[in-house]
Amino acid sequence: MTRQPAERVNWSLFSSKKTSIRSPEQNTFPNVSKIIHKLPILRSLFKKLPQFRCLQASGFMKKNANCQPDCLKNFIKNMAFKLPDLPYAFAALEPHIDARTMEIHHGKHHAGYTNKLNAAIAGTELEDQSIEDILANVSKYSTAVRNNGGGFYNHSLFWTVMSPDGGGEPSAQMNISKAIERDFGSFENFKKEFSTAAATRFGSGWAWLCTDSKDKLFITSTPNQDNPLMDLAEKKGTPILGVDVWEHAYYLNYQNRRPDYVSAFFNVINWKEVTKRYNDANPGAMQ
Ligand SMILES: [Fe+2]
């Protein structure tokens with residue numbers, strides 16, 4: 001997965017007497033910083049900002065109590081993973097998936113996983129690894145890396161396998177159509193098995209269509225933010241289609257009706273992207 005530079009830093013987020021962190025701007029305008037820290041309400045609002053909480057949760061603020069601006073600048077500059085843009089508007093998948101759900105899902109949930117993943121790997125060798133390599137050895141790392149690394153990867157895939165122009169069945173010319181026919185007997189059989197996996201995943205998790213090392217398709221589901229790339233997955237393979245069955249993915253529109261949401265998901269599946277992922281995972285397949 002391509003890495004991109006982290007967003008520009010808003011230094012005001014990290015201002016704190018306790019940690020002695022100061023931006024160049026705060027040195028220029030020290031009175032502003034003093035006012036903020038003397039007003040408990042403003043201080044409390046600043047602490048609620050996601051970036052601040054992310055650094056606190058990671059222990060970064062504790063471990064770097066005397067951190068100077070350069071230290072914090074390097075931390076932000078070296079953030080390994082960036083929240084990918086949504087490839088369409090929030091409302092683009094309506095009426096199947098509503099705009100508000102998409103906005104919260106991408107802007108809060110996926111952003112949260114991304115920030116917390118960066119915080120969890122800060123200063124470690126994992127900063128230089130791809131997300132796929134991290135997940136392939138995830139059993140060696142912390143729960144924070146497992147949960148947030150999975151959350152980062154899973155949602156990055158999820159946005160791309162949906163499209164306002166999606167839905168229906170893949171065209172007969174697509175390799176994925178032939179592979180589905182070969183491994184499930186028919187598209188209807190595949191749809192039934194995939195929908196059952198999504199509906200029966202207890203609690204929060206994902207249902208996946210994957211390809212294995214022998215170019216065979218299979219369906220599986222994983223709990224929480226796990227996925228089949230992880231070394232600790234029950235069934236390992238390369239995911240080429242995934243549906244998020246956490247309640248945050250559907251509750252506003254569908255409440256407890258997960259099967260209705262999964263049925264609606266079939267109206268937005270981006271089969272061009274799924275077949276591309278299938279071809280990438282199996283170069284030379286079906287030639
Ligand atoms: Fe999600």
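## Strand 1 and its two partners

Cys210 has Pro239, in strand 3, as its bridge partner. This pairing belongs to a predicted model. Strand 1, residues 205–211, and strand 3 are joined by six bridges and run antiparallel. On its pairing with strand 2, residues 217–223, strand 1 has seven bridges, and these two strands also run antiparallel. There, Leu209 stands opposite Ile219 of strand 2.

Strand 1 and strand 2 form a hairpin, with five residues between them. In the turn, Asp215 has a positive phi of about 70°.

## Burial of the strands

Which residues of strand 1 point one way, and which the other? Gly205, Ala207, Leu209 and Thr211 point to one side, while Trp206, Trp208 and Cys210 point to the other. The residues on both sides are buried. Because seven of the seven residues of strand 1 are buried, the strand is largely enclosed by the rest of the structure.

Strand 3, residues 238–244, has six of its seven residues buried, so this strand too is largely enclosed by the rest of the structure.

## Helix 9

Helix 9 covers residues 143–160, which makes 18 residues. From first C-alpha to last, helix 9 reaches 26 Å, close to the 26 Å expected at 1.5 Å a residue. Of its 18 residues, 13 are buried, so helix 9 is largely enclosed by the rest of the structure.

## Asn270 in its loop

Asn270 is found in the loop between helix 13 (258–265) and helix 14. Is Asn270 buried or exposed? It has 22 C-beta neighbours inside 10 Å, and a residue needs 20 or more to be called buried, so Asn270 counts as buried.

Some of its surroundings come from elsewhere in the sequence. Leaving aside neighbours within four places in sequence, Asn270 is in contact with Thr160, Val161, Met162, Ser163 and Gly166. Asp165 lies 105 residues from Asn270 in sequence, yet their C-alpha atoms are 7.3 Å apart in space.

## Helix 10 against helix 14

How do helix 10 and helix 14 cross? The axes of helix 10 (residues 175–184) and helix 14 (residues 271–281) come within 8 Å and cross at roughly 75°. An angle of 65 to 115 degrees counts as roughly perpendicular, and helix 10 and helix 14 are therefore roughly perpendicular to each other.

Helix 10 contributes Asn175, Ile176 and Ala179 to the contact, and helix 14 contributes Trp271, Val274, Thr275, Tyr278 and Asn279. By class, this contact has five nonpolar residues, three polar residues and no charged ones.

Terms used
Residues numbered from 1 in each chain as written. Predicted model: local features only at pLDDT ≥ 70, side-chain atom pairs only at ≥ 80, totals over all residues. Axes fitted to C-alpha atoms, helices over the stretch in contact; angles between N-to-C directions. Helix = DSSP H or I, 4+ residues; strand = E, 2+ residues; numbered from the N terminus. Parallel < 35°, antiparallel > 145°, perpendicular 65-115°, else oblique. Contact = placed C-beta atoms within 7 Å. Nonpolar A, V, L, I, M, F, W, Y, C, P; charged D, E, K, R; others polar. Expected span 1.5 Å × (residues − 1). Buried ≥ 20, exposed ≤ 12 C-beta atoms within 10 Å, placed from the backbone. Pairing = 2+ DSSP bridges.
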